[in-house]
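I opened the model to look up a few local features and note them here. Entries follow in the order in which I checked them.

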Amino acid sequence: MPTFDAIVIGTGQAGPSLAHRLAGAGMRVAIIERHLFGGTCVNTGCTPTKTLVASAYAARLAHRAGEYGVTIGGDISVDMKKVKARKEYVLGFSTRGVERGLRENPKITVYQGHARLASPDSVVVGSETLSAPKIFLNVGGRAFIPEIPGLDQVAYLTNSGLLEVEVVPQHLIIVGGSYVGLEFAQIFRRFGSEVSVIEASPRLIAREDADTSASIADILGREGIALHLGAKVLKVGKRGEEIVASLRVDEIERDIAGSHLLLAVGRRPNTDDLGLEKAGVATDAKGYISVNDRLETNVPGIWALGDCNGKGAFTHTAYNDGDIVAANLIDGAARRVSDRIVAYNLYTDPPLGRIGMTEAEVRKAGRPALMATRAMENVSRAFEKGETLGFMKILVDAESRQVVGASILGVGGDEAIHVLLTLMYAKAPYEVMQRAVHIHPTVAELLPTMLGDLKPL
Ligand SMILES: Cc1cc2nc3c(=O)[nH]c(=O)nc-3n(C[C@H](O)[C@H](O)[C@H](O)COP(=O)(O)OP(=O)(O)OC[C@H]3O[C@@H](n4cnc5c(N)ncnc54)[C@H](O)[C@@H]3O)c2cc1C
């Protein structure tokens, strides 16, 4: 039986960097991947979708060129094969880089195949059983498939399948009006598809504040995306070549017929075929592996990192999990997941940058708080760029005077939000930033000004 100091299952966003850190500390490490090196982010998540967001932005700008005094002769069209080739080119660097890095590390042995725990210190992959006193689970997740009558009769797509299409769908029906669904909705609308989004909640991305949801609905509506909110999908079926989704909204039933159907109603962890029961590793009711603040499972010597532990659903949170575990094991640190501040972006155009608490959460917490907002049309950088949709919001704790949450829905919001995130990590009072001089003209330059406009919530 090959014996190692550590076994890592999965080469997503936590596993490879952790494997290199452990190897650097002198350990002999086995890492196992069953499918594509780099996992979801690199192959079917962040990287490919953001290349499509870039292509969609180019298409949009081409259509708007006249507003900027630029004339484009002839028709503007999108060649999906070229869009896809560009996507493959970009992600290829990452996936090959992850694999090459692991294979070239003399302390790391790469295994390819589906891994399952056989006991608290052994793992079966193919015909081999490996053992190690430390096992790290970085198995990620996959699209959740809801139970909709008729689904087995139609060729539905998830994020992975939609990234492979080589034609612009004539009419893309998307079930799910949250982060993944909305990015795809805008991408394909800009490529020229008719797009219908079906969302069960009365508003889009219901975890965000109501004004954010409304603003995003307005932005997408202006581009001609049909939004069906508070809609329950009763069944799906085929009508000739078309896929038909039957909905009920406000007791009224109607059918939507389209050429493609995307399911984007959330994710589920890849823990159902991992042999967790053989090692006695506990999960919650949804299958997420239960971990403590140091990402240790209930079984000594087994850790769970990334999406499979339910503590985050992003590349940066998965990577940070690996960092925390490496620091605690190798450097003797005492780092905790709960030290992490909630932070993520929605990559619509304009993007939404989000950190910390929402306004609704601050109100619910009942602590005295201050808030400032500013429309993007009052940001000169946005005005100059001709991209004035959206707004910014900053929330401050009235006693500590620290920022507790913020959102920037607007051009450059995905980058500018980090200015406030850094202030939060520094635990500095907001006055520190209020007195800072930011560069003109930028979106971030208005943040100190906004802090001068704080009012009691
Ligand atoms: C469409 C989409 C867009 C996204 N966009 C963003 C974004 O812009 N920004 C962001 O931060 N996040 C984004 N995410 C989320 C991000 O992709 C994930 O949070 C991140 O990839 C999680 O990393 P991970 O390491 O936990 O798991 P994964 O990246 O899923 O990696 C897990 C790996 O484990 C392997 N594996 C699983 N089971 C086994 C087994 N039994 N044996 C061997 N190998 C196994 C898998 O093949 C996979 O390679 C997006 C997700 C999607 C679906």
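**Arg363.** I started with the side chain of Arg363, which makes a polar contact with the side chain of Glu359 at 2.8 Å. I take a polar contact as a pair of N or O atoms within 3.5 Å; within protein, one atom must be able to donate a hydrogen and the other to accept it, and residues adjacent in sequence count only if both atoms are side-chain atoms. Arg363 sits in helix H10, residues 359-365. Arg363 is partly exposed, at a relative accessible area of 47%. My classes are buried under 20% relative accessible area, exposed over 50%, and partly exposed in between, with a 1.4 Å probe and protein chains only. I also checked Leu457, which is 94 residues from Arg363 along the chain, and found their C-alpha atoms separated by 7.8 Å.

**Ground rules.** This is a predicted model, so I note that local features need pLDDT of at least 70 and side-chain atom pairs count only at pLDDT 80 or more, while totals for chains, interfaces and linings use all residues. Residues are numbered from 1 along each chain as its sequence is written, and side-chain values use heavy atoms, with hydrogens and water left out.

**Ligand shell.** I counted as near any residue with a heavy atom within 4 Å of the molecule. The ligand is surrounded by 39 residues, and the closest are Gln13, Glu33, Thr40, Asn138 and Asp307. The shell divides into 14 nonpolar, 20 polar and five charged residues. Here Ala, Val, Leu, Ile, Met, Phe, Trp, Tyr, Cys and Pro count as nonpolar, Asp, Glu, Lys and Arg as charged, and the others, Gly among them, as polar. Strand E2 (29-33) and the helices H2 (39-43), H3 (46-64) and H9 (315-330) each supply at least two shell residues.

Which backbone atoms approach the ligand? A backbone N or O atom of Gln13 lies 2.7 Å from a ligand oxygen. A polar backbone atom of Phe314 is 3.1 Å from an oxygen atom of the ligand, and one of Arg34 is 3.2 Å from a ligand nitrogen. On its own the ligand has 1000 Å² of accessible area, of which the protein covers 93%. I note that accessible areas come from the Shrake-Rupley method with a 1.4 Å probe; for residues, only the protein chains shown count as cover.

**Helix H1.** I asked how much of H1 (residues 15-24) is covered, and found seven of its 10 residues buried. These are Gly15, Pro16, Ser17, Leu18, Ala19, Leu22 and Ala23. They pack against strand E1 (6-9), E2, helix H4 (80-104), strand E3 (108-112), strand E7 (134-137) and H9. Just after H1, Gly26 has a positive phi of about 100 degrees.

**Cores.** I define a nonpolar core as a set of buried Ala, Val, Leu, Ile, Met, Phe, Trp, Tyr and Cys residues joined through side-chain atoms within 4.5 Å. The largest has 48 residues, and Ile7, Ile9, Ile32, Phe136 and Leu137 have the most contacts inside it. Apart from it lies another core of 34 residues, including Leu157, Ile205, Ile219 and Leu346.

**Thr51.** Thr51 belongs to helix H3. Is Thr51 buried or exposed? Thr51 is buried, at 7% relative accessible area.

**Backbone exceptions.** Most residues other than glycine have a negative phi, and most peptide bonds are trans. I found a cis bond between Asp349 and Pro350, with omega about 0 degrees; Pro350 lies in the loop between E18 and strand E19 (352-356). Another cis bond joins His440 and Pro441, with omega about -10 degrees. Pro441 is in the loop between helix H13 (430-434) and helix H14 (446-451).

Arg401, not a glycine, has a positive phi of about 65 degrees. Arg401 is in the loop between strand E21 (391-397) and strand E22 (403-409) and is partly exposed at 31%. Lys427 has a positive phi near 55 degrees and lies in the loop between helix H12 (413-426) and H13. At 58% relative accessibility, I logged Lys427 as exposed.

Terms used
Helices (H or I, at least four residues) and strands (E, at least two) are DSSP runs, numbered from the N terminus. Contact means heavy atoms within 4.5 Å.
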